[in-house]
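Please open the structure in your viewer and keep the selection panel at hand. The stops below are given in the order in which they may be selected.

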Amino acid sequence: MELGRVECVQSYEIVDSEEIHLLPDLLRHFSSVSKPHPTTTTNNNNSNNNSNTVASAVHTTSVHELLECPVCTNSMYPPIHQCHNGHTLCSTCKTRVQNRCPTCRQELGDIRCLALEKVAESLELPCKYMSLGCPEIFPYYSKLKHETLCNFRPYSCPYAGSECAIVGDIPFLVAHLRDDHKVDMHSGCTFNHRYVKSNPREVENATWMLTVFHCFGQYFCLHFEAFQLGMAPVYMAFLRFMGDEADARNYSYSLEVGGNGRKLIWEGTPRSIRDSHRKVRDSHDGLIIQRNMALFFSGGDRKELKLRVTGRIWKEQQNPEGGACIPNLCS
């Protein structure tokens with residue numbers, strides 16, 4: 001089916017009935033596949049219902065392809081533009097191609113494909129993460145918003161030492177961190193790390209260490225790094241949960257650093273790796289150690305950084321009697 005068979009009009013003109021000629025076959029096709037067919041529910045026929053739902057999603061594929069921008073391949077949302085020959089593209093790519101149709105090189109002008117926009121309003125499509133387990137089907141204009149928040153969308157690699165573009169589920173990312181980034185992997189929910197740097201005055205936004213901990217059947221990323229906060233170099237440690245934010249709230253952690261009879265303690269909730277490493281760091285949501293304090297903790301001649309950071313992770317459990325949260329400490 002060629003999209004050029006739908007004649008569209010400029011958005012700023014008054015449209016007469018004779019100016020839009022929609023082919024009956026095309027409209028019948030759109031109406032027959034725009035929404036999933038209703039199914040009859042019975043107690044012992046769940047498999048048939050699932051099959052019908054999948055079949056409905058498959059039927060919408062051809063219409064969905066018509067709404068795919070030929071330049072960026074993303075779904076098109078109003079305003080949908082077209083050239084005089086009927087080739088369409090999204091408003092973002094219209095600027096990108098300098099107002100020239102990428103298919104026929106004709107000037108695009110300001111023609112809106114109103115018919116295709118109307119068709120989109122009637123569509124219901126599955127989430128693009130359906131293959132990863134999302135069962136939801138949404139009206140076309142709600143689908144994009146859902147996909148930005150879908151719990152089944154893949155996670156980005158949490159490694160902060162480089163701009164890693166790898167995405168995947170948690171088991172895949174754990175293997176990726178271990179095999180490709182050579183990250184230290186530990187089991188248990190307590191940690192005791194020593195960080196040494198010969199010249200603590202060199203602070204270049206460098207990540208010092210990422211360690212992955214496995215406890216309570218979950219994975220956590222412990223970051224420790226140096227960066228510039230205003231004009232002053234600081235050191236920061238914080239924990240991220242390898243999962244969604246709602247699950248991260250079930251856990252708490254503490255960090256402690258000290259020396260020479262003094263210590264700093266931080267307690268908080270781990271942030272989800274849905275939040276980027278930089279976002280967590282820039283929000284100062286963790287244990288921050290000023291350089292002078294870090295050198296004081298290091299002792300000696302204050303020319304070498306020697307910090308020992310200890311901590312633990314625990315899971316908050318609901319007390320069945322009083323309703324209060326009590327910590328569940330792993331052994």
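**Before selecting**

The model is predicted, so local features need pLDDT of at least 70 and side-chain atom pairs count only at pLDDT 80 or more, whereas totals for chains, interfaces and linings use all residues. Residues are numbered from 1 along each chain as its sequence is written, and side-chain values use heavy atoms, with hydrogens and water left out.

**The whole chain**

Begin with a cartoon view: the protein has ten helices and 19 strands, taken as DSSP runs numbered from the N terminus (helices H or I, at least four residues; strands E, at least two). Of its 331 residues, 38% count as buried, where buried means under 20% relative accessible area, exposed over 50% and partly exposed in between (1.4 Å probe, protein chains only). Among contacts with a separation of 6 or more, 53% join residues 24 or more positions apart; a contact means heavy atoms within 4.5 Å.

**The nonpolar cores**

Next, select F224, L255, I289, L307 and I313, which touch the most other members of the largest nonpolar core, a set of 32 residues. Such a core consists of buried Ala, Val, Leu, Ile, Met, Phe, Trp, Tyr and Cys residues joined through side-chain atoms within 4.5 Å. The elements giving two or more residues to this core include β10 (190-197), β12 (218-229), β14 (251-259) and α10 (291-298). Strand β13 provides the largest share, seven residues.

Centre the view on I289. Setting aside residues up to four places away in sequence, I289 touches F224, V234, Y235, V257, A294, F297 and L307. Another core, of 19 residues, lies apart from the largest one; C69, Y77, L89 and C101 are among its members.

**Aromatic pairs**

Now display the rings. The whole structure holds ten aromatic pairs. Rings of Phe, Tyr and Trp (its six-membered ring) pair if their centres lie within 6.5 Å; planes under 30 degrees apart count as stacked, over 60 as edge-to-face and the rest as tilted.

Select Y195 and F224, a stacked pair with 3.9 Å from centre to centre and 10° between the planes. Y195 belongs to strand β10 and F224 to strand β12, so this pair ties together parts that are 29 residues apart in sequence. Both Y195 and F224 are buried.

Move to F220 and Y251, whose centres are 5.3 Å apart and whose planes stand at 80°, so this pair is edge-to-face. F220 is in strand β12 and Y251 in strand β14, 31 residues apart. F220 is buried at 0% relative accessibility, and Y251 is buried at 3%.

**Charges over rings**

Select R274 with Y155: the charged end of R274 sits over the ring of Y155, 3.8 Å from its centre. Then select R281, which lies over the face of F227 at 4.6 Å from the ring centre. The criterion is NZ of Lys or CZ of Arg within 6 Å of the ring centre and within 35 degrees of the ring normal.

**A buried threonine**

Select T211 in strand β11, a buried residue with a relative accessible area of 0%. Beyond its neighbours within four places in sequence, T211 is in contact with V183, D184, H186, H193, F220, C221 and L222.

**The second largest pocket**

Finally, select T73, N74, S75, Y77 and L144, which lie nearest the centre of the second largest pocket among its 15 lining residues. Helices α4 (91-96) and α6 (140-149) are the elements that give two or more residues to this lining. A pocket is an open set of points on a 1 Å grid over the protein atoms alone, where a 1.4 Å probe fits, with protein on both sides within 12 Å along at least five of seven lines; lining residues have an atom within 4 Å of a point.
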